[in-house]
Amino acid sequence: MKKVLIACISTLGIVSNLMAEVKVGQKAPDFTLEDTNNAHQSLSQFKGKFVVLEWVNPDCPFVKKHYNSGNMQNLQKELRGKDVTWLSVCSSAKGKQGFYTGEEWNKMTLEKKAAPNAVLLDADGKVGKLYGAKTTPHMFVIDPNGILVYKGAIDDKPSTDIADVEGAKNYVKNALEETMAGKKAKVSQTQSYGCGVKYK
């Protein structure tokens with residue numbers, strides 16, 4: 001466990017110097033990426049809806065914690081039931097951990113019973129760096145006006161232990177519920193945790 005954390009932290013130190021920083025309360029930058037079915041998806045096409053961006057790497061033990069427990073899939077389904085658009089973004093470069101073809105992604109999504117609206121492929125890392133995505137997972141919540149209302153960790157249990165899912169405070173769910181109710185998210189920014197995004 002300690003070795004995993006040290007590797008992630010050292011990667012983060014390098015990556016953090018190379019990227020932009022989107023700020024809560026400001027307009028989320030638009031982007032266009034190809035999804036796993038070769039269709040182009042732009043953030044702007046979801047204007048008028050809440051959008052969750054989830055940076056993902058299926059081989060990362062922190063991501064596995066949330067998918068092997070069913071936590072991420074349950075959240076995806078719950079929020080999509082409230083008309084939230086969920087976009088999973090993979091910024092793993094070709095040849096690095098977490099890079100898969102669209103066909104492979106579709107197979108994994110089906111096997112894991114995941115329910116994003118789309119999985120977006122960002123192998124050149126441009127969108128990840130535009131948003132300052134440092135870890136997998138790294139979560140961003142955007143309101144119907146295109147304003148970033150939350151960024152950071154999915155919850156307050158930064159571990160790879162599945163047992164920690166139960167009882168964790170889910171920052172993403174809370175931020176959405178509060179914002180949907182016309183309130184400001186009580187927690188709008190946290191330190192994300194996980195494996196460093198495998199940029200090229």
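In strand β8 (residues 148-152), G152 is the bridge partner of M139, where strands are DSSP runs of E with at least two residues and helices are runs of H or I with at least four, numbered from the N terminus. The structure is a predicted model, in which local features need pLDDT of at least 70 and side-chain atom pairs count only at pLDDT 80 or more, whereas totals for chains, interfaces and linings use all residues. Residues are numbered from 1 along each chain as its sequence is written, and side-chain values use heavy atoms, with hydrogens and water left out.

Strand β7 (residues 138-142) runs antiparallel to β8, and four bridges join them; two strands pair if DSSP finds at least two bridges between them. The hairpin of β7 and β8 has five residues between the strands, and there G146 takes a positive phi near 85°. Strand β3 (residues 51-55) is also antiparallel to β7, with five bridges.

How enclosed is β7 by the rest of the structure? Five of its five residues are buried, so the strand is largely enclosed; buried means under 20% relative accessible area, exposed means over 50%, and partly exposed lies in between (1.4 Å probe, protein chains only). In a regular strand the side chains alternate between the two faces of the sheet. In β7, H138, F140 and I142 lie on one side and M139 and V141 on the other, and both faces are covered.

Helix α3 (residues 71-80) has its own set of buried residues, namely N71, M72, Q73, L75, Q76 and L79. An α-helix has 3.6 residues a turn, so residues three or four places apart point the same way. The cover over the buried residues of α3 includes β3, α2 (61-68), β4 (85-90) and α6 (171-180).

The loop between α3 and β4 contains D83, a residue other than glycine whose phi is positive, near 70°. D83 is partly exposed, at a relative accessible area of 46%. Strand β4 itself includes T85, which is buried with a relative accessible area of 2%. Apart from neighbours within four places in sequence, T85 is in contact (heavy atoms within 4.5 Å) with F46, K49, F50, V51, V52 and N117. A positive phi, of about 55°, also occurs at K113, again not a glycine. K113 sits in the loop between α4 (102-111) and β5 (118-121) and counts as exposed, with 61% relative accessibility.

A search of the whole structure gives one cavity of 30 Å³ or more. Here a cavity is a set of points, on a 1 Å grid over the protein atoms alone, where a 1.4 Å probe fits but cannot get out, and lining residues have an atom within 4 Å of a point. The largest cavity has a volume of about 120 Å³, a volume being the space filled by probe spheres set on the points, which are joined across faces, edges and corners. Of its 14 lining residues, V56, Y67, W105, K112 and A114 are the closest to the centre. Helices α2 and α4 are the elements that give two or more residues to this lining.

How values were computed
1 Å grid on protein atoms, 1.4 Å probe; cavity = no way out; pocket = protein on both sides within 12 Å on 5 of 7 lines; lining within 4 Å.
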